[in-house]
There are 2 protein chains.
Amino acid sequence: MPYGAPSSALRQPKVDPVKHALSVTREQDFAAWYQAVISEADMAEESGVRGCMVIRPWGYGIWERIQKLLDDRIKATGHENCYFPLFIPLSYFEKEAEHVDGFAKEMAVVTHHRLIQKDGKLVPDPEAKLEEPLVVRPTSETVIGAAFSRWVQSWRDLPVLINQWANVVRWEMRTRMFLRTSEFLWQEGHTAHATVDEAMDETMKMLEVYRSFAEECVALPVIAGEKPENERFPGAVATYSIEAMMQDGKALQAGTSHFLGTTFSRAQNIKFQNAEGQQELAQTTSWGMSTRMIGGLIMVHGDDDGLRVPPRVAPHQIVVVPMLRDTEEDAAILDYCSALVGALNGQDVFREPVRALLDRRPAKAANKRWGWIKKGAPIVIEVGGRDVAGGNVSVLRRDRLYREDGKLDSRIIAKDDFLAQATTMLEGVQQALFEQAHARLHDNIDRTIASLDDLKSLFAASSKPGWALVQWSKPTGAALDKVVEWLKGEKLTLRNIPLDVEAADGACIFTGQAAVERVLVGRSY
Amino acid sequence: MPYGAPSSALRQPKVDPVKHALSVTREQDFAAWYQAVISEADMAEESGVRGCMVIRPWGYGIWERIQKLLDDRIKATGHENCYFPLFIPLSYFEKEAEHVDGFAKEMAVVTHHRLIQKDGKLVPDPEAKLEEPLVVRPTSETVIGAAFSRWVQSWRDLPVLINQWANVVRWEMRTRMFLRTSEFLWQEGHTAHATVDEAMDETMKMLEVYRSFAEECVALPVIAGEKPENERFPGAVATYSIEAMMQDGKALQAGTSHFLGTTFSRAQNIKFQNAEGQQELAQTTSWGMSTRMIGGLIMVHGDDDGLRVPPRVAPHQIVVVPMLRDTEEDAAILDYCSALVGALNGQDVFREPVRALLDRRPAKAANKRWGWIKKGAPIVIEVGGRDVAGGNVSVLRRDRLYREDGKLDSRIIAKDDFLAQATTMLEGVQQALFEQAHARLHDNIDRTIASLDDLKSLFAASSKPGWALVQWSKPTGAALDKVVEWLKGEKLTLRNIPLDVEAADGACIFTGQAAVERVLVGRSY
């Protein structure tokens, strides 16, 4: 069964002979294609409220899967979930200047607590103005820090390891569904520790949780590394990220883990008595992953027929479409499909029950089939009267949709054979999506850049150039500003300093000084 | 094993010979006791942000269990989860006058999207004033209605059955943790249908989902019924509720289901072409249950030693406390406990894996034991060196904490016997909590009231009088206002008109006219 090698589409786009389900291809217009996938897969839509989206069942179902699998890992590493207020008093922010600078420009501010009718219009009641305006949380370090200061008195109270699933608001001027919306959903972990070492261990542990979650569950290969100084979270001593490569070569920051040192414990007074009886400030961390991950999933796994969802995060992994014809055969087809779905749901895959669905909606089977292809259900089964008679099913694997002649690769398999291999097939889809993306990522990191001219040519030569891994001297302060400014002129950014690459052995391409490490450079979302 | 009859504590308070874990008893001060439970069980605390609380891991863990079990039932009845914007433009509210009237007085209003420094203080930037203020959702009929109007074109698009888990804000003047907070967490279901009958079926189906969920999962016996006209949700044609009785005799509305008719489809233009080709307005419903349920759980199941959590919603059902003494025996005790927890977690109860926890924290065993009693873990196991040697465990059942002589009823059981009966014991705790509350509810509904004087005396005679089920003529408009006014003078409210009671056969105690049904009257939260 020659399904062909994993695609490394980024630099070898092949002209596709197939008529695809979307009206626009990735090659034609990647941004328009992205919107088309979201719309055709019924994932989300504009809400009519500026910068906010409506997440529809298929999109939200993927988020529920992400929540479940990430939450399990967050709990397995000793964290407990809490819930903190949506509103943060301005005075909490005033205590930490750098943090304020990072967020003040994009904060939604609540100023009134009542509406009245005036000249037939609803307006905020001037009599109900808040004494202290409240900010809708853009992130919760300040309000959670205030709670930590109540909870932590002695070294015995440490570590505090908590997480919250919440909505946050950052008033973005330019929004894009899932990638940058004024309101988004995320989890934010917050921890407090007695020592720098423990807090750094936590920071790196959660970075690794994000890396393994992204790779194992979302099939999203990433590069884990430290952000350069200019890209740190406002108030952090060190910020780490996982970076994923989209099919247009751009980078998406898909999760961050911050070592905050004593920035917030100083501002919020998180102090403890150590074993020697002295007062110390706690060392804190925070780390977050958001609905942005769904944007990454689309741009890494989608194709010109729509989304392809990795089975572990697919709301439905196997969808069974009965080919009904309004004849008396229909009842037998439905019974056959029902039994099939029941048998599938009784099996386990990835240590959870299989999620198979019988699509009973009153619509044409072909429309339903293409609907599920666009949504990216990993396996679509069709069952007609002849399949029932022969004890067969017709199987479509979303990761291998077409035969070499461009026709849909729908395969007739004995039902019992399919039942015996369904979970292996799901594992195969998960693996194939990861391998395709993994090959693309690693084939498209250029390690040969020796000068700024090399870098310029690389990004000038291709519309989808991937990233460059370059040697640098890790400049700071004004010297770093100069580097960032130059990169900005080329529409480039520093992504991160990967943890797992060979040591530097040459000259910094920016400063000419001896390089001390390697940094990833690329365009980004 | 004479554990005594189910407690109907409401009218037969018995003097307790036991020294209890809380500093205040239910008898002494029910409101102070409620706060003490929340605080001593580490469920929640004041946040420092007006009207908002911090929900701590034990409180949030109960909410996660409620979410999981209720979400399963919501999905099993055909609903899908979505997510809609936190912010609602004022113009959406202006379209539905009655709805506005119900909520305008308690809305948090966002008026600016940026902060600036001014005279060393952070203030909303006057240059960043929103053209149209945004309300933080108090409920989402309007913004979800706007989405429905995009989704619904033809009768084929109906029904639309969706739900969202979200935070909402109602600016309450007097707040009380879990019962009435400015921000709270809930689920809100919203559906659209082609006919009144289908929408009414949905309204009643979800009322029944709430009733069965409350009774089966939270062990909270409730009375399901229709709210009188004056208690309807703003904009509803009919509102149904489940009402639970707290241990102080007051009623708590624990969930509501609304038939909204065409109120919101008219305001938001949710129209469809029917099978005959004509345009019709959709019939909509909404229904919600919130973190308030946790307040009800506390006030129904708590006792003078703290909370008692029904096993189905307990974050940990069985907590194993090793009695360590810093001797070399400790390792054997921990191994024994570990194996026990592993064996428990390998069993199923209520069709889910058992949730047993080994409490390894470095604290005194007695403190840990009392900590778990206050938190209300259904079963607490203690294991010391002698238990290990004898192959035993010491078992405390939270619903039967004391022997008749007032000592803790800790029972030594062979470990294998305990393993064999642990799930039955958990089922027994769940059942016992329900039965105690059920007896209390039904023993404390007075069905003998024949006049307003009777009603007055009933509520004057006791500080915890329960409810009265009285016959009435179902007055409307001004006549109903008069009844409500009179009741208000007695600090009473109409709760609901129960679905499952015998027909009326006498005179209305309020109007003297022929009664048509029976209505519940009581004090309320």
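**The interface of chain A and chain B**

Modeller: Apart from neighbours within four places in sequence, Phe87(B) is in contact (heavy atoms within 4.5 Å) with Val49(A), Cys52(A), Ala108(A), Val136(A), Val169(A) and Trp171(A), and also with Val110(B), Leu134(B), Val135(B) and Val136(B). The model is predicted, so local features need pLDDT of at least 70 and side-chain atom pairs count only at pLDDT 80 or more, whereas totals for chains, interfaces and linings use all residues. Residues are numbered from 1 along each chain as its sequence is written, chains are lettered from A and ligands numbered from 1 in the order in which they are written, and side-chain values use heavy atoms, with hydrogens and water left out.

Phe87(B) also belongs to the largest nonpolar core, which holds 90 residues; Phe87(A), Val136(A), Phe87(B) and Val136(B) touch the most other members. Such a core is a set of buried Ala, Val, Leu, Ile, Met, Phe, Trp, Tyr and Cys residues joined through side-chain atoms within 4.5 Å, buried meaning under 20% relative accessible area with a 1.4 Å probe, protein chains only.

To the contact, chain A and chain B each give 62 residues. About 5200 Å² is buried between them, 64% of it from carbon and sulfur atoms; this is the accessible area (1.4 Å probe) lost on putting the two parts together, summed over both. Four salt bridges cross the interface, each a side-chain nitrogen of Lys or Arg within 4 Å of a carboxyl oxygen of Asp or Glu. Glu64(B) forms a salt bridge with Lys75(A), with 3.1 Å between the closest N and O atoms.

Chain A superposes on chain B by a rotation of 180 degrees with 0.0 Å of shift along the axis (RMSD 0.0 Å), fitted by least squares on C-alpha atoms of residues with pLDDT of at least 70 in both. That is the relation of a two-fold axis. The C-alpha of Val110(A) is the nearest to the axis in chain A, at 2.1 Å.

Key. Buried means under 20% relative accessible area, exposed over 50%, partly exposed in between (1.4 Å probe, protein chains only).
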